[in-house]
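Subject: Structure handover

Dear colleague,

Here is the structure for your files.

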Amino acid sequence: MRSIRIGAGAGYSGDRIEPAVELAQHGELDYLVFECLAERTIALAQQARMKDPAGGYDPLLTARMQAVLPICRAKNIRVITNMGAANPLGAAEATRHVARKLGLAGLKIAAVTGDDVLAAAKANNLALDNGETISGLGNRLVSANAYTGARAIADALAAGADVVITGRAADPALFLGCLVHEFGWAMDDWDRLGQGTVVGHLLECAGQITGGYFADPGVKDVPGLARLGFPIGEVREDGDLVVTKVAGSGGCVTPATVKEQLLYEIHDPAQYFQPDVVADFSQVRVAEVGPDRVHVSGGRGRPKSGLLKTSIGYVDSYVGEGQLSYAGPGAVARGRLALDIVRERLALTGVQTSELRCDLIGVNALHGEASSQGSEPYEVRIRVAARTESLAEAVRIGNEVETLYTNGPAGGGGAWKSAREVVAVASCIMPESATQMQLALLEV
């Protein structure tokens, strides 16, 4: 039975580039997929495009393409990515510019658009999962991007694209598009689409499945994490999958790493709603078939819902933050006194906050006072963060922390402060008909 090999070149926007190069060079791939979007990432990209209409795509797009395109062109590896973010056409133009500089004549680059549904979201005043409505956001609304499916990616490949760049495609759809194109799967073959979604879900986070997110020293030891290899999926025409990696690369592929990734971010394994299918992971079977080789089968599916999750980006507020360190005997007591001083100073000077956090990092920052039992640490770092309605108020938070240098308790050092606008995200559901998918094909 025919099979193809798909490599996962990135699991998020800022991921390492060297493992993707290793995959291209030594992975004997047919496809290299870069999955680089998250809910907040797309909102920030839309905000960046508002400031620069030529921008809005992944900041590492150019570096990644420079690193892998010559190898992929020489080895006939096709590249698929959602690094287009808020501007797939701009990303395609930037990729064409890179390809021209590299002398890759004849390379075809497809830009898939249609996920930007801001106009439709405004017109329908949909309810959001945070209790607000689209109209209630007013001029704070930044973006609305629907999670689109595999069909447009498969169409781009059928049109001869060597590189396919999308916006907010659903993560597994990047991989499913390869399978639909290569194997001619029908878009109503629900079980194959369900198993293809298993493939995409397992590979989409790159180094997580090869031991990165799995590692826990002394409990789950993983070798060579500094040289972590990213995964390869060997996928048969019937959807059966073997997860592996480049021989000699760091990390590991085991039934346990695969099972953890299978359940990652999954609410109901029997109903994983995707644009193309409602996938059912409940009968998936995992078996080791060799060193760093795990066979995965049993994914199923039911008809898609016809609805698309849509990520809404909006300006929520501003956040001001300040940090300072204390060390030596009495560090925790001095840190607590410092926080008390800042709280009182913020009240005395009338700083307006809608939310305030005062933490001792290393003592209570993650789990509150319940986590501060046991021996007292030798060093702590205070962190004061507050949500405000203006940037000017946010600036005052870090300033008050910085004044502790000379105004109270002894021995503070390493001050840091920031003030920034917060772009928040919420979700809503839109009908698939709200998207009008389009394909633009550029040639070098």
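Which residue in E13 does Ala279 stand opposite? The residue is Gly301.

First, the basis. This is a predicted model, in which local features need pLDDT of at least 70 and side-chain atom pairs count only at pLDDT 80 or more, while totals for chains, interfaces and linings use all residues. Residues are numbered from 1 along each chain as its sequence is written, and side-chain values use heavy atoms, with hydrogens and water left out.

The sheet: E9, E10 and E13, in that order, form an open sheet of 3 strands with antiparallel pairing. Strands (E, at least two residues) and helices (H or I, at least four) are DSSP runs numbered from the N terminus, and two strands pair if DSSP finds at least two bridges between them. At the edges are E9 (272–273) and E13 (300–302), each of which pairs on one side only. E10 covers residues 278–280 and is joined to E13 by 3 bridges in the antiparallel sense.

Helix H9 (residues 190–203) lies across E9, E10 and E13, at about 120° to E13. Axes are lines fitted to C-alpha atoms, for helices over the stretch in contact (heavy atoms within 4.5 Å), and angles run from 0 to 180 degrees between N-to-C directions.

The cysteines: there are 0 disulfides, a disulfide being a pair of cysteine sulfur atoms within 2.5 Å. The sulfur of Cys36 has its closest cysteine sulfur in Cys205, 11 Å away, which is too far for a bond. Cys36 is buried (under 20% relative accessible area; exposed is over 50%, partly exposed in between; 1.4 Å probe, protein chains only), with a value of 1%. Cys205 also counts as buried, at 11%.

Regards
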